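Look at the sequence and the structure below. The text that follows goes through the nonpolar cores and then the pairing of the strands.

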Amino acid sequence: MNVRMHVPNLLARAGTVSVLALVTISGTIVVPGTAPDAGAASVSARALRIAASKKGSPYQYGAQGPHRFDCSGLTLYSFKHAGRMLPRSAAAQYHRTRRVRASARRSGDLVFFHSHRGVYHVGIYAGSGRIWHAPKTGAVVRLERIWSHAVSYGRVR
């Protein structure tokens with residue numbers, strides 16, 4: 001007889017069982033909302049590694065990889081190969097992600113740069129105030145410090 005299964009079933013038949021009692025007996029608990037967050041973190045970590053692997057790839061307006069990128073092309077390519085689809089432009093990616101506070105940002109979140117005209121640039125947060133991005137014509141994919149305070153953070157779902 002499997003005691004792990006038997007005891008919770010007996011307790012459940014006896015009446016209401018506290019979650020703490022079930023955790024004590026079975027040793028596991030599923031908290032609503034944690035599984036998708038864990039999955040999203042795994043996807044974001046893979047996307048960050050993919051973006052970093054493109055270090056030195058030249059910037060080209062409109063390029064989506066695998067050898068040349070613009071900013072949103074790099075984020076699209078990285079998340080696509082990590083298992084999530086994003087729209088093409090930085091502004092559309094901004095609207096597709098869930099906003100997170102700067103204090104809650106984590107590696108793999110998208111960093112959106114804003115001006116009075118809207119979102120104009122996107123990169124992938126690498127931690128310690130740095131992003132992987134494809135900056136501009138004549139530059140290459142690189143790791144760089146965030147240079148502006150006019151940013152927001154989005155988490156890919």
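The largest nonpolar core of this predicted model has 24 residues, and those that touch the most other members are Phe 69, Phe 79, Leu 110, Val 122, Ile 124, Trp 132 and Val 141. Two or more residues each come from helix 3 (34-53), helix 4 (71-82), helix 5 (90-96), strand 2 (110-115) and strand 3 (118-127). Apart from this core lies another one, made of eight residues, including Val 111, Tyr 125, Ile 131 and Ile 146. In soluble globular proteins, nonpolar side chains tend to be buried together.

Take Phe 69 as an example. Leaving aside neighbours within four places in sequence, Phe 69 is in contact with residues among them Lys 54, Pro 58, Tyr 59, Leu 74, Tyr 77 and Val 141.

Now turn to the strands. Strand 2 and strand 3 run antiparallel and are joined by six bridges, with a hairpin of two residues leading from one to the other. Across this pair, Leu 110 has Ile 124 as its bridge partner in strand 3. Ile 124 also has a bridge partner in strand 4, namely Trp 132. Strand 3 and strand 4 (residues 130-133) pair in the antiparallel sense over three bridges. Their hairpin has two residues between the strands, and Ser 128 takes a positive phi near 55 degrees there.

Strand 4 is in turn joined by four bridges to strand 5 (residues 142-145), and these two run antiparallel; the partner of Ile 131 in strand 5 is Glu 144. Which strand does strand 2 meet through four bridges? Strand 2 is joined in this way to strand 6 (residues 151-155), again antiparallel. Here Val 111 stands opposite Tyr 153.

Key:
Residues numbered from 1 in each chain as written. Predicted model: local features only at pLDDT ≥ 70, side-chain atom pairs only at ≥ 80, totals over all residues. Heavy atoms only, no water. Core = buried A, V, L, I, M, F, W, Y, C linked by side-chain atoms within 4.5 Å. Buried < 20%, exposed > 50% of the residue type's maximum accessible area, 1.4 Å probe, protein only. Contact = heavy atoms within 4.5 Å. Pairing = 2+ DSSP bridges.
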